Amino acid sequence: MSNITMMELSRELDEQFDRLVNECRVSGEINQELYTEYDVKRGLRDANGKGVLTGLTEISDVLSYKSVNGKKMPADGELYFQGYNVHDLIQGFEDRRYGFEETTYLLLFGSLPTPKQLRSFVRIVKSLQELSGQFLRDVVMKATSQNQMNALQRCILTLYCYDANPDEVTVPNVLRQSLQLIAKMPQIAVHSYCAWRHFHADDTLVIRLPNKDMSIAENILQMLRPDGEFTELEAKVLDVALVLHAEHGGGNNSTFTNHVVTSSGTDTYSATAASIASLKGPRHGGANLKVQQMFADIKKCCPDYEDEKTLTKYLEGMLDKKVFDKSGLIYGMGHAVYTLSDPREVILKSYAKRLSEEKGLQKEYELYERVERLAGEAIARKRHLFKPICANVDFYSGFVYSMLGIPEELYTPIFAISRISGWSAHRLEEVVNNGKIIRPAYKYVGYHRPYCALDERHE
């Protein structure tokens, strides 16, 4: 039996399987009116879209409104890491190589490091970067996956087997494991991609090891490129992207997943794998890839980037479910929390502009900027919305990654490489506070039935 056939259902059972599918759909369907009747907060959000309060954190804060005469008003978004505005952090990192490393220190330990503390922290992280030849051969290079998030998840889970003390849930042990993952994930992601390209696309296999003299952003670029070369601006832009994606409150899906799984007392590798599984979803970490696919279709259907009438018609067609994937969505537009602006998008957009000038892609950048404006107008007009619609960080992140020569398969893994800092901080926060197991309630809306013996059941 081949690897493919062992996963297939035999054709003579197709009809029986189709019947099971139908039964599953009928059995699983719940009357949607019951959610209103029992005031169920679907998606843990109330009717106005506000998240249900399920925990406390000091790690980050997300603001999108301001109070004017006691009235809640939309405002430009603000994001704080351990009390520091991320805009101020990015400005402070402008002339330094370790913006992401410094951000990771801040998220984990609650304060900005002194120069001595930062040097010590960077040395510790760099000492944990390496993967053994056995791990590379037996785990990274075997059973390669087209979806690199699955490859990353498998490798993270397998690290459990290489840890002499994987199950101890104490602050020292969880911190050690967290730093291991922060250090090793860039190499795992890049080498998993290279292995997949080698075995499935006949690419030459080039394995470039991490350089201890480089930052994490620099190492991602030098490991990914056969010649190991990159510009200073390229490394800076990737470092900024890593900082912006490192953390976004305890309520985002993958971080909340980490809190939930950590509260059960499980190990660090399992908790991280669960977060990766969440981030993989197109409603979460996979959104920037959808934006890139959308723009590829826009370029095909609207070759004149400056023709706003044609662009508007296309965008309205998206909202009417007539073009692209017919989902009715304009990807990269709108956010569950932010109203007037997403601060991450504002910052990344400015760096996207600088990088587009270095790459000679100003016209493409102008297309993104134009679509951002026209899409906001089209959504407000077609959906009759009074709440402002802003672009989110995914709108420009895929464009930035494409200018950096990062393959689409690594877009979401790059997100994971960044967000592991936030996940680790939240896992440690959960461990330090030793909270209860997270167990929300579900309302049973079925009915009780008497048991019927097998020989008395009829179709």
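Mentor: Let us begin with a term: a polar contact is a pair of N or O atoms within 3.5 Å, where, within protein, one must be able to donate a hydrogen and the other to accept it, and residues adjacent in sequence count only if both atoms are side-chain atoms. This is a predicted model, in which local features need pLDDT of at least 70 and side-chain atom pairs count only at pLDDT 80 or more, while totals for chains, interfaces and linings use all residues. Residues are numbered from 1 along each chain as its sequence is written, and side-chain values use heavy atoms, with hydrogens and water left out.

Trainee: Okay, which side chain does K290 join through a polar contact?
Mentor: The side chain of K290 is joined to that of D325 by a polar contact of 3.2 Å. K290 sits in helix α13, residues 287-301, where helices (H or I, at least four residues) and strands (E, at least two) are DSSP runs numbered from the N terminus.

Trainee: And what else does K290 touch?
Mentor: Leaving out residues up to four places away in sequence, K290 touches F324 and Y331 as well as D325, a contact being heavy atoms within 4.5 Å.

Trainee: What is phi like at F324?
Mentor: F324 has a positive phi of about 55° although it is not a glycine, and F324 lies in the loop between α14 (308-319) and α15 (343-359). Most residues other than glycine have a negative phi.

Trainee: Switching topic, how many residues does the largest nonpolar core have?
Mentor: The largest nonpolar core has 105 residues, and I414 is among those with the most contacts inside it. Such a core is a set of buried Ala, Val, Leu, Ile, Met, Phe, Trp, Tyr and Cys residues joined through side-chain atoms within 4.5 Å.

Trainee: What is I414 in contact with?
Mentor: Apart from neighbours within four places in sequence, I414 is in contact with I220, L238, L242, Y401 and I406.

Trainee: Last one: how many residues of α18 are buried?
Mentor: In α18, 21 of the 23 residues are buried, so this helix is largely enclosed by the rest of the structure. Helix α18 also bends by about 40° at R419, the bend being the angle between axes fitted to the seven residues ending there and the seven starting there.

How values were computed. Buried means under 20% relative accessible area, exposed over 50%, partly exposed in between (1.4 Å probe, protein chains only).
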